[in-house]
Amino acid sequence: MLLTVSGPAGSGKTTLSKLLSERLSLPLISTGTIFRRMAEEHGMDVLSFNLFAENRPEIDMELDRRVVEEAKRNGSCIVEGRIACQMLKRSFLSPFCIYLTAEEIVRARRIVQREGGDVAEVLEQMRKRGESERKRYMNFYGINVDDTSVYDIVLDSTHLSPEELCSRVLKALEVN
């Protein structure tokens, strides 16, 4: 079983991915973790690295190459990342693709709970990061990250607990 979990920052991708990984006993590949590691290697925070990557397609290409390679090596796994579904499908894999969304203010509050900071500042960073990602993915791959038609299931996590999200995905997969 090959799954992807995608969505904007703070939508609950990582939390849901971890729950599914536990419930289904599948390894988890986190694109965000790999990207953050690459940012650290360049001595940058995530936002700065996103902006830096806008003019350097080789950064995204390397990230995506690593993610796809690891997914192929694992076979059955969960890949969590913004364009994981599209990347795996383009690599001739057939994942079940999950997309999470949530109200912007809820996503900002979740990020503040997780990482600290001020909600207004996090909102601004989220918007800049989102716009940077939109530009990069459209320019580099022709992918519109706001097009949810490629996903098998789209869930709004604004008012759902992680357990409720997981239950809905498992039901969609027809797994008990």
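Trainee: Where is E133 found?

Mentor: E133 is found in helix 7, residues 119–141. Helices here are DSSP runs of H or I with at least four residues, strands are runs of E with at least two, and both are numbered from the N terminus. Bear in mind that this is a predicted model, where local features need pLDDT of at least 70, side-chain atom pairs count only at pLDDT 80 or more, and totals for chains, interfaces and linings use all residues. Residues are numbered from 1 along each chain as its sequence is written, and side-chain values use heavy atoms, with hydrogens and water left out.

Trainee: Why is E133 called buried?

Mentor: Buried means under 20% relative accessible area, exposed means over 50%, and partly exposed is in between, using a 1.4 Å probe and protein chains only. E133 has a relative accessible area of 8%, so E133 is buried.

Trainee: And which residues does E133 touch?

Mentor: N50 and R82, leaving aside residues up to four places away in sequence. A contact means heavy atoms within 4.5 Å.

Trainee: What makes a set of residues a nonpolar core?

Mentor: The members are buried Ala, Val, Leu, Ile, Met, Phe, Trp, Tyr and Cys residues, joined through side-chain atoms within 4.5 Å. The largest one here has 25 residues, and I29, V79, I83, Y141 and I143 touch the most other members. Several elements each supply at least two residues of this core, including helix 2 (31–41), strand 3 (77–80) and helix 7. Helix 4 gives the most, with 5 residues.

Trainee: How do you know that C85 and C97 form a disulfide?

Mentor: A disulfide is a pair of cysteine sulfur atoms within 2.5 Å. The sulfur atoms of C85 and C97 are 2.3 Å apart, and the two form a disulfide. By this rule the count comes to 1 disulfide.

Trainee: What makes the disulfide right-handed?

Mentor: The torsion about the S-S bond of C85 and C97 is about 90 degrees, so the disulfide is right-handed. C85 lies in helix 5 and C97 in strand 4 (residues 96–101), so the pair ties together parts that are 12 residues apart in sequence. Both cysteines, C85 and C97, are buried.

Trainee: How do you know that C77 is in no disulfide?

Mentor: For C77, the nearest cysteine sulfur is that of C97, 12 Å away, and C77 is in no disulfide. C77 has 0% relative accessibility, so C77 counts as buried.

Trainee: What about C166, buried or exposed?

Mentor: C166 counts as buried because its relative accessibility is 0%.
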